[in-house]
Amino acid sequence: MAQAAETSPKRRGKAKEPSIGREDLLKAYRDMLLIRRFEEKAGQLYGMGLIGGFCHLYIGQEAVVVGMQMCLKPGDQVITSYRDHGHMLATGMEARGVMAELTGRIGGYSKGKGGSMHMFSREKGFYGGHGIVGAQVSLGAGLAFANWYREDGRVAVAYFGEGASNQGQVYESLNLSALFKLPCIFIIENNKYGMGTSVERASASRDLSQNGAAWGIPGEQVNGMDVIAVREAGERAVAHCRAGKGPYLLEMKTYRYRGHSMSDPAKYRTREEVQKMRETSDCIETARKMLVDQFAVTEAELKVIDDEVKAIVQDSADFAQQSPEPPESELWTDVLVEAR
Amino acid sequence: MGAVILMPALSPTMTEGKLARWLKKEGDAVKSGDVIAEIETDKATMEVEAVDEGTITRIVVPEGTEGVQVNSPIAELDGGAGGAAAQTMHGITNKNPRENEKMIAETGTAQRTEVHAPATAKAPAAPAEKDWGPTASITVREALRDAMAAEMRADKDVFLIGEEVAQYQGAYKISQGLLDEFGPKRVMDMPITEHGFTGMAVGAAFTGLKPIVEFMTFNFSMQAIDQIINSAAKTLYMSGGQLGCQIVFRGPNGAASRVAAQHSQCYASWYAHCPGLKVVAPWSAADAKGLLRAAIRDPNPVIVLENEIMYGHSFECPTDPDFILPIGKAKVERAGTDVTIVAFSIMVGLAMQAAEKLAEQGISAEVINLRSLRPLDTETIANSVRKTNRLVTVEEGWPYAGIGAEVAMQIMETCFDHLDAPPVRVHGLDIPMPYAANLEKLALPRLEQVVDAAKSVTYK
């Protein structure tokens, strides 16, 4: 049941009624913009030496996580890899806490002990933030296992890249999830490059949405640059899982504008390729155009959103620099839970 | 004046680079995401993207300039329409945090030593072994099963997964009867996919469930060791204490009999090496029952290293339904005055036999059953050594960076002055386990080696 999906926003004809309302699209636009601006700011702080180590930006892929999050309910769980800032913001985690974690400060979600790749929020259903490629997929199956065990009707969403999709434990997790009918949505964020290796050079499959076919897991290819297409597919996946039919797999065809991490010279692709994606398929521009053309949203209304987002990001950057570094006593805490 | 564009760092180690090319010139308008320049380091060429909107009013560093310091101004930008652009730079503290890091790096050694570890080996100062009253003879196998059953009855969040644990009743019959009592949801057979089901169990534990993961043998845990270390052991720390992982990994460890190298390996030092884990290694039925119950209740990931050969052995075990043992506390199995023999798991039995032999020769050996490898009960060992002044360690595993090495070092650190002889290690040979019966026997610690070691440190 794979659908051909070009990474173009023009899949839906004008005649077709949009499946999204004005308010929802405004919210999606706002959430995508927040991630974009946050990541730009993170890139800037990295450039200034305020953020260390690895820093993997999500710029370009915002529609995937924002579209999916619109399908979820409180209590549902999200887990992903190290390119995780967008996922955290989408689940509603505070920009301040995320940015302060990036700068390694006590005000960060992990008190500065996790960094860019390791943040969590039980309250928001965000289970990390994992640095080992593919590990989060098995863990995500475990979140779904817990839902199945407790019979609480929740679903878990496990995000991973097309690079991770080749890991052995991913296939083990697909089998386990299908075997036990776990409510798990596997999302391959196919941004075409696993670090510097294009998907064509890493996977013999040309349709990753069918990677669960051997276990009967339904899969779809989705235009991951289109937040509406993502939401539509997400709704199908969530309905399937909540109905107790087991896992579902979505391959989101997306694109990251920035390098794999901050220190990636990106020689494996041309500037023209990146530029073309930005100009023709950008998820935020597409949403913005639709808001103006089809929902008569005014520039003034959009400016209010832009300003709100800018203020949140600036506040997070200020906080992330003002929050102190963790005290030395933090070295020895949280290694073990003290016995109750 | 508007914002200042600074020379960015491409990596944490970059301090300077070449400004290779400007893609914008003075007077050009830029918006967020525009590529404005290219910079080069010895490793890479990268594009600099604008973060703020505005018009470039001045290019400070011309293209082709080498050795441009990170964070030095390369261009100036007017505020553009937003005006917020200017603030972005104003908010930045002028001090380069990398300088700070460098400072720490240079003086770090001294600073770091001031931060004392709260003794990783710190064990709870538990009272002497509690008397649990009447006992009955049961096998180690039954003790393990009873421990799981008791905890599963008490807590519906506890469940058992593993290969052949349910319908087959356990590859080594440890889970016999559990499927009947608790049903297929709480006693679940897994496909042969250790990496996947271990990760799945850890994920479930993140939500508050309390899985017991049985490895058919610990040899197969190597398939899953990334999930055990990187996910189970480290997440609490990485999350600043938010996300713990109450999970037990258990199964037979070490040499069985005639199963060759891939199935005969001791993982004690592998797992005991890692902060964020607890590691126990029972010997007797009471150890097995008391430690496994404690492991299941412990809010941390606990590795329970069992021994296949011990499964069928019977011991007296307390019948008190509340019987439990503390993790982190060793047991003095036999009191003595001349030499301390430290062992764990099946080697405790060998140490006890050696003590008998030594007694016949007039040497009084004290035998310590470690029970817990992490945390290690250094206090109990040290107290013994202060009395005997001599130490012998016994383990099945390899000597290099092994448990014996660690015990010896801890004793050096805590009571070196009490030692009257260098500690001696008895251990498995530093080779993959051979299959041939005669060679296998030679590869594992033997009774006479323990006796000889004790005699050598007592100079007898």
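Two residues are in contact here if their C-beta atoms, placed from the backbone, lie within 7 Å. In this predicted model, 55 residues of chain A are in contact with 58 residues of chain B.

Four helices of chain A, namely helix 1 (22–47), helix 5 (135–150), helix 6 (168–180) and helix 11 (299–322), each supply at least two residues of the side that touches chain B. Helix 5 of chain A gives the most, with 10 residues. By class, that side of chain A has 24 nonpolar, 20 polar and 11 charged residues.

Chain B holds an open sheet of 5 strands in the order 17-19-18-21-22, with mixed pairing. Strand 17 (331–334) and strand 22 (424–426) of chain B stand at the edges with a single partner strand each, so one side of each has no neighbour in the sheet. From one strand to the next, the twist averages 25 degrees.

Within the sheet, strand 18 (residues 339–343) and strand 21 (residues 391–394) of chain B run parallel and are joined by 4 bridges. Ile341(B) stands opposite Val392(B), which belongs to strand 21 of chain B.

| Helix of chain B | Strands of chain B | Angle |
|---|---|---|
| Helix 11 (residues 378–388) | touches strand 17, strand 18, strand 19 (365–369) and strand 21 | about 155 degrees with strand 18 |
| Helix 12 (residues 403–415) | lies across strand 18, strand 21 and strand 22 | about 155 degrees to strand 21 |

Note on methods:
Residues numbered from 1 in each chain as written. Chains lettered and ligands numbered in written order. Predicted model: local features only at pLDDT ≥ 70, side-chain atom pairs only at ≥ 80, totals over all residues. Nonpolar A, V, L, I, M, F, W, Y, C, P; charged D, E, K, R; others polar. Pairing = 2+ DSSP bridges. Axes fitted to C-alpha atoms, helices over the stretch in contact; angles between N-to-C directions.
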